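Hello,

Here is the structure we spoke about. Please open it next to this message and follow along.

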Amino acid sequence: MQIDDYNNAAVFSQFPVYGLNSVQKQAFLQQRLNWLTHHHAAHCPEYARLLTCIGEANSPMCNIEHIEQVPPVAARLFKDYGLKSIKDDEVFRLMRSSGTSGRQSQIYLDADSAKLQSQILVKTLQHWLGKQRRPMLIIDAKETMQNKNGMSARAAGLQGMSFFGRNHCYALDENMQLRIDEVKSFIERYHNQQIFIFGFTFIVWQQFIQALQSLGLKFNLQQAILIHGGGWKKMQQQAVDDKTFKQQINAQLGDVSVHDYYGMVEQTGTIYMQCEHGHLHCPVWSDVVVRDINSLAQLKNGQQGLLQVNSALPTSYPGHSILTEDLAVIHGEDDCPCGRLGKYFTLHGRVPNSQVRGCSDTFS
Amino acid sequence: MTHSLKFIEAVKWPLKTENFANPQNNLAWQNKLVEAVAGFSTFILKQAELKQFPEIIALAYWFRPAHLKQLQAEQVASDKVRPLVGKTAGKVFHIAPANVDTVFLYSALLSVLCGNQNIVRISERSGDITRMLVELLKLYCQSPTGKLLANYLAVAEYSAQLENVTAQLSRWCDLRVIWGGDQSIAAISQIEPNTKQIEFPDRYSVALLSLNKDIKQTAQQFLTDVLPFNQQACSSPKAIYWLNVPEEKQQDFWSNIENLLPNSRNQLTMSNKVEQHILLQKLAVEHGIELANHTGKSFAKIKSIGPLGQCKVKKLTSEMLAAHSGNGLVLQTDIDDVAAITSNEKLQSVIIDDQTLSETLYVGKRSVQIGQALAFDTVWDGQNLLECFINTTSINSPNS
């Protein structure tokens, strides 16, 4: 393993997912993130202006000494500006966030970034799922994937994840109702294999688990794994927490290990998986910082603030360091009882949106 | 011709009495009408619990009996009012902004005084203060003095997407009043395009300070101007131009602001703070804003002073100021000559702490003493509202 081979994706994509300690990670990411900052400053004029906002043409932000100093871009900027570090004719895929209200983020990928993202996603998920593809139950509708207006984040998530399964069964119909016969026959057929279940948290809860409950249906799965993501906002409205969610899943489905994940379309490929101890984990290609809401100063472990996510992956758009509007607490680094190295954290909701956006907007 | 005010669409009428639907006599500046409006002011000022809402108190104070008597004397003396009295009241449709909670009532009550029947459209996104004002109006209109007001004022609430409703109300009225922003004005102008209208497009305002007087008092006055409406009113100062003010004095100003803030009522929350951080980045990305006096040791950040944020920048352009979305971020820059303030169609108020400066200022639609930026005036944004409302037919229609 060559830690200083920071610019060779073929090398660093092979790093062990949770296998570098803080010193090794700093050695890799500091160089990689600095390289990315230089790269985006040279190829994305909007990003360059953000760096020179501190009033120096050759910004010292391009040469930070510690990975926690990398300058973050507010996630909102990807909604308002088409930030990209590639030419128009190099755009291979345009990804959009799943926002139901307001503007969506637009993320431009070239062929290389798209490839690297999927490689890293594969590496990360194989850590949890193993290399063998498993029979896969998707808690969504096949129709979700067929959106003509570019790819929605939900569809991208489903498509990305379906790669890890075989003999896919979609548990819901086009009206998001339970396809009970299909689910029953799928589970009968594979009940003694390690089934992989995937879905978005709220859909899993409301359209699957609650539907099974109202039908009085229980299954007895063996060593199944459920991976779910998409946020807890709607779950909190129904006062369902992580613990209740897991209990109800085990009550309804049997032996299932349940793992939440956190990720965003602005850093597709980099995902934070929840371990057996309820912590979200940074993979080796990522690092997180929590900042004070008022001063944006870095906070200590245990303190809650705005989450900044740094990723070694984005080369086609300046998204290697993003300041989210999510609130988080970092609990530690390299010392989670699950044994995985890297920082681990929990999420604590989003900063509530201000109601009125711009100036005197009477028309909405 | 009368138009029905019945809608199939989802229109709520937080305030509308049965009598409103009938044509009313024009009572422009007649005693009983002035008393009905002034009575609302008295009604508000009597309620101690409203003292915590400076925007509402400012409105009530503006419509106080003594002030209205003075306006009445001026208006009755002019020869425009008399011919109108006894005729049918004009009809005015006001489209209120969602960001400045009280402006709709200034405009609507002035129009009532000028003898018109008024319908005010509020948005379902309107703020708590708007809702509180509508509740207060409702209560007041049930009182003996308030009854008359209800014949001249109704409040409708509906989504702007219901263009049919806007069209129908536009046909009902003689004059349409649109309180910004630019996009809303453009969109609404497409609906019944021949409707006569006055419009208040997006504007920004700035402070020009010399700190020649008591700094604590100036700081307090600045807070009076910057805090209401989350700094989103067109008269809210978005930036401070320091006119030959040494750095230590500026620091002193901000220390005073910091000390005064805990006792200054404002609605700024955690989400406004996040908006401040995002705004600085947007101004950099879109307009190339550059921080002054930066050490280069960290990325560009605002300096947080309680719920407000501030940052000193090398240069301010009109584009930056026009793009400023409020939320409590105060930009500042040092200048040695008032000529450094760029003139722009969108520059509304220049807020000054030294009266002598007003003589040398040639930019902006008005200059105003610090602490008074949000005070309402019958001439607003260069338009004389009393003249517009007195004779609603005198305004040119867009196609004439």
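Below is what was found, taken part by part.

Please keep in mind that this is a predicted model.

**The six-stranded sheet of chain B**

Start with chain B. It holds an open sheet of six strands, in the order E1-E4-E3-E2-E5-E6. The pairing is mixed. Strands E1 (12–15) and E6 (197–200) of chain B stand at the edges. Each has a single partner strand, so one side of each is left without a neighbour in the sheet. From one strand to the next, the twist averages 20°.

Look next at one pair inside this sheet. Strand E2 (residues 91–95) and strand E5 (residues 175–179) of chain B run parallel, joined by four bridges. Phe93(B) has Arg176(B) in E5(B) as its bridge partner.

Two helices pack on the sheet. Helix H5 (residues 128–141) of chain B touches E1, strand E3 (117–122) and strand E4 (153–157) of chain B. The direction of H5(B) makes about 65° with that of E1(B). Helix H7 (residues 163–172) of chain B touches E2, E3 and E5 of chain B. The direction of H7(B) makes about 150° with that of E2(B).

**An enclosed helix**

Helix H4 of chain B covers residues 103–113. Of its 11 residues, 10 are buried, so H4(B) is largely enclosed by the rest of the structure. Among the buried ones are Val103(B), Phe104(B), Leu105(B), Leu109(B) and Leu110(B). Two serines, Ser107(B) and Ser111(B), are on the buried list too. After H4(B) comes Gly115(B), with a positive phi near 100°.

Ile305(B) has Leu308(B) in E10(B) as its bridge partner. The hairpin has two residues between the strands. Gly306(B) takes a positive phi there, near 55°.

E10(B) also pairs with strand E11 (residues 329–335) of chain B. Here the strands run parallel, with four bridges. Gly309(B) stands opposite Leu329(B) in E11(B).

Most residues other than glycine have a negative phi.

- Phe229(B) is buried, because 25 other C-beta atoms lie within 10 Å.

The cut-off matters here: a residue is buried if 20 or more other C-beta atoms lie within 10 Å of its own.

**Where the chains meet**

The contact takes 47 residues from chain B and 37 residues from chain A. Three elements of chain B give two or more residues to the side that touches chain A: E5, helix H8 (182–189) and helix H11 (270–287). Which of the elements gives the most? H11(B) does, with 12 residues. By class, this side of chain B has 21 nonpolar, 18 polar and eight charged residues.

**Chain A**

Now to chain A. It is divided into domain 1 (15–109 + 263–350) and domain 2 (134–258). The C-alpha centres of these two domains lie 29 Å apart.

Asp260(A) is in strand E8 (residues 254–262) of chain A. Is Asp260(A) buried or exposed? It is buried, with 23 other C-beta atoms within 10 Å. Leaving out residues up to four places away in sequence, Asp260(A) touches Thr201(A), His228(A), Gly229(A), Asp242(A) and Gln274(A). Asp260(A) and Gly230(A) are 30 residues apart in sequence, but 8.7 Å apart in space, C-alpha to C-alpha.

Best wishes

How values were computed
Residues numbered from 1 in each chain as written. Chains lettered and ligands numbered in written order. Predicted model: local features only at pLDDT ≥ 70, side-chain atom pairs only at ≥ 80, totals over all residues. Buried ≥ 20, exposed ≤ 12 C-beta atoms within 10 Å, placed from the backbone. Pairing = 2+ DSSP bridges. Axes fitted to C-alpha atoms, helices over the stretch in contact; angles between N-to-C directions. Contact = placed C-beta atoms within 7 Å. Domains from an automatic or database assignment. Nonpolar A, V, L, I, M, F, W, Y, C, P; charged D, E, K, R; others polar.
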